[in-house]
Amino acid sequence: MTDQVIAAIESILRRGNDAEIRRKGDGYIVLEIKRSIKYSA
């Protein structure tokens, strides 16, 4: 992984969200996973 990919992952984690890494062709895709609670009993 390149420094650019690692920096993107670190910035996502600093915001408190989850990072998902997937392969696409010869490279990687970094996805930011945001989940929110809509209802809690």
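Helices here are DSSP runs of H or I with at least four residues, strands are E runs of at least two, and both are numbered from the N terminus. This is a predicted model, so local features need pLDDT of at least 70 and side-chain atom pairs count only at pLDDT 80 or more, while totals for chains, interfaces and linings use all residues. Residues are numbered from 1 along each chain as its sequence is written, and side-chain values use heavy atoms, with hydrogens and water left out.

View 1. The protein chain has 1 helix and 2 strands, in the order α-β-β from the N terminus. Its C-alpha trace spans about 45 × 20 × 5 Å along the principal axes. Of the 41 residues, 10% count as buried (under 20% relative accessible area; exposed is over 50%, partly exposed in between, with a 1.4 Å probe and protein chains only).

View 2. K24 sits opposite G27 of β2. With 2 residues between the strands, the hairpin has G25 at a positive phi near 65°.

**View 3. E32 and R15, a link between distant parts of the chain.** Here the side chains of E32 and R15 form a salt bridge, 2.9 Å from N to O (the rule: a side-chain nitrogen of Lys or Arg within 4 Å of a carboxyl oxygen of Asp or Glu). E32 belongs to strand β2 (residues 27-33), while R15 is in the loop between α1 (3-14) and β1 (18-24), 17 residues apart. E32 is partly exposed, at 29% relative accessible area.

**View 4. E20 and R22, another salt bridge.** The count comes to 2 salt bridges, and this one joins the side chains of E20 and R22 at 2.6 Å, N to O. E20 is partly exposed at 26% relative accessible area, and R22 is also partly exposed, at 48%.

View 5. M1, I6, I21 and Y28 make a nonpolar surface patch of about 390 Å². Patch residues have over 30% relative accessible area and no salt bridge; nonpolar side chains (Val, Leu, Ile, Met, Phe, Trp, Tyr) are joined within 5 Å, like charges within 9 Å. Areas come from the Shrake-Rupley method with a 1.4 Å probe, and for residues only the protein chains shown count as cover. I21 is in strand β1 and is partly exposed, with a relative accessible area of 39%.

Definitions and conventions: Two strands pair if DSSP finds at least two bridges between them.
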